[in-house]
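My entries follow in the order I looked things up.

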Amino acid sequence: MAEITAARPTKTAPDNDGQARRAVMILAWGQAVLGAQLPVQIILAGLVGAMLAHDVAFATVPITVMVLGSMVGAPILSTIMGRIGRRPGFLIAASAGALGAWINLNGILAQDFQLFLIGNFVSGMYWAGHNLYRFAAADLASPEFRPKAISWVMAAGLVSAILGPEIAKYFGDALAPVPHAGAYQALIWLNLLGALPLLFLDIPLPRKPKDTKTSKRPLREILSEPRVPVAMLCAMVSYGLMNLMMTSTPLAMIACGFITAQAAGVVQGHVLSMYIPSFFTGGLIARFGATRIIATGLGAIALAAGVAASGITLVHFYAGLILLGIGWNFGFIGATSMLADAVAPEDRARMQGLNDFCVMAFVGVASASSGVLLSAGGWAAVQIAAVPMLTLAGGALIWLTLRRPAAAA
């Protein structure tokens, strides 16, 4: 394919893809089980924030703080994984998830908003590790298997999409009369028990090239490959706009008269739509190229914003959030594949940390803006805010597409 350049490693032996498949199975477990914490946070963090904060405009601050924790944690975990391996990094992330949930639990029981925010910041380290599963799936894979490996790990999120909302609904009142506390108690055990299979993860560190200059390429040189900044921008926009709309959805639904169970159902439908396409996204990328798949994802996000802005019925919320999930899947997995193809193996840990730092920084801005936009301008204002960033990312893809024929000529 045109998107495969000399920067990519040569095709590995079949034995290596066998090892990659074994690693993908364990990574898929982490995505499926440990990933269930994320839907719980999405559903409950804003509701708990509204319960503990003095002003509803600060209701989405807990999610914003969690994003900030992920932004800080991404380069730290990437550095750890680059130096001592993926397994220690993922175990640290799971431990942070358990610790963050424990702090969250105590913050709710004490009715302490600041303590709840601290718990969300610590949980951000878990989120940073969760986001790196997709990159780890590509470590051992051949160029042909790489998009499928990424896609298969992401597809395991389908289980977390079902499990997370069920945890929120089933355990939410386990510590009644304190609402939502029981769900965070359940997350402690989810992280501790769910991390056990990660002990068997075996992904060797990449071999450093004999040319030491190549192993320490300047960041400016890596970023000069046009696909790298375009992939990073599209990942930022896909994830950020998804978070912008998703974070405020439970609050908007409650304000429109719906109940928590209905909001959880919409979020569950959204998260399902985020991961179900992963069963074939990798094949689509291999056939049509990452650029076209990213463009399709951005188009789906734009359509989601239009549907959501057109009404506030339950159907509108479901349709808008389902389209949003599909758009995120195509945009984010496509950007991940483009970045993995464009960066040499010895540079991946560093670039993955930088990429996820930038992604989480933008997600943090989106999350912080979500509650303010909803409070000040209503549900439609949240959708309108997506237009400038979609325009920027779409323009970058057009520039990249037009540049390739010119470069070839």
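How many cavities of 30 Å³ or more does the structure hold? I counted five. This is a predicted model, where local features need pLDDT of at least 70, side-chain atom pairs count only at pLDDT 80 or more, and totals for chains, interfaces and linings use all residues. Residues are numbered from 1 along each chain as its sequence is written, and side-chain values use heavy atoms, with hydrogens and water left out.

**Entry 1: the largest cavity**

I noted the term before the values. On a 1 Å grid over the protein atoms alone, a cavity is a set of points where a 1.4 Å probe fits but cannot get out, and lining residues have an atom within 4 Å of a point. A volume is the space filled by probe spheres set on the points, which are joined across faces, edges and corners. The largest cavity holds about 70 Å³. I found 13 residues in its lining, and Leu38, Pro39, Ile42, Met274 and Tyr275 lie nearest the centre. Two or more lining residues come from each of α2, α5 (113-131), α12 (227-255) and α13 (260-275). Helices here are DSSP runs (H or I, at least four residues), numbered from the N terminus. I sorted the lining into 10 nonpolar, three polar and no charged residues. Nonpolar covers Ala, Val, Leu, Ile, Met, Phe, Trp, Tyr, Cys and Pro; charged covers Asp, Glu, Lys and Arg; the others, Gly among them, are polar.

**Entry 2: the second largest cavity**

This cavity has about 60 Å³ of space. Its lining includes Gln31, His130, Arg134, Tyr275 and Trp328. Both α5 and α16 (314-342) supply at least two lining residues. By class I have five nonpolar, three polar and one charged.

**Entry 3: α2 with α9**

I turned next to helix pairs. Axes are lines fitted to C-alpha atoms over the stretch in contact, and angles run from 0 to 180 degrees between N-to-C directions. Helix α2 (residues 37-52) and helix α9 (residues 181-194) pack at about 155°, with axes 11 Å apart. The two are therefore roughly antiparallel (an angle over 145 degrees; under 35 is roughly parallel). Their crossing is left-handed, meaning that the near helix is turned anticlockwise from the far one by less than a right angle; clockwise is right-handed. Contact means heavy atoms within 4.5 Å. From α2, the residues that meet α9 include Val40, Leu44 and Val48; their partners in α9 include Tyr184, Leu187 and Leu190.

**Entry 4: two partners of α17**

Which way does α12 run beside helix α17 (residues 348-377)? Their axes come within 8 Å and cross at roughly 30°. The pair is therefore roughly parallel. The crossing is right-handed. The contact has 20 nonpolar, eight polar and no charged residues.

Helix α3 (residues 61-84) packs against α17 at about 180°, with axes 8 Å apart. That makes α3 roughly antiparallel to α17. Among the contact residues are Val67, Met71 and Ala74 of α3, and Phe357, Met360 and Gly364 of α17. The classes are 11 nonpolar, eight polar and one charged.

**Entry 5: two backbone exceptions**

Most residues other than glycine have a negative phi, and most peptide bonds are trans. Alanine 176 and proline 177 are joined by a cis bond, with omega about 15°. I placed proline 177 in the loop between α8 (157-171) and α9. Glutamine 111 has a positive phi of about 55°. Its loop runs between α4 (86-109) and α5.

Note on methods. Parallel < 35°, antiparallel > 145°, perpendicular 65-115°, else oblique. 1 Å grid on protein atoms, 1.4 Å probe; cavity = no way out; pocket = protein on both sides within 12 Å on 5 of 7 lines; lining within 4 Å.
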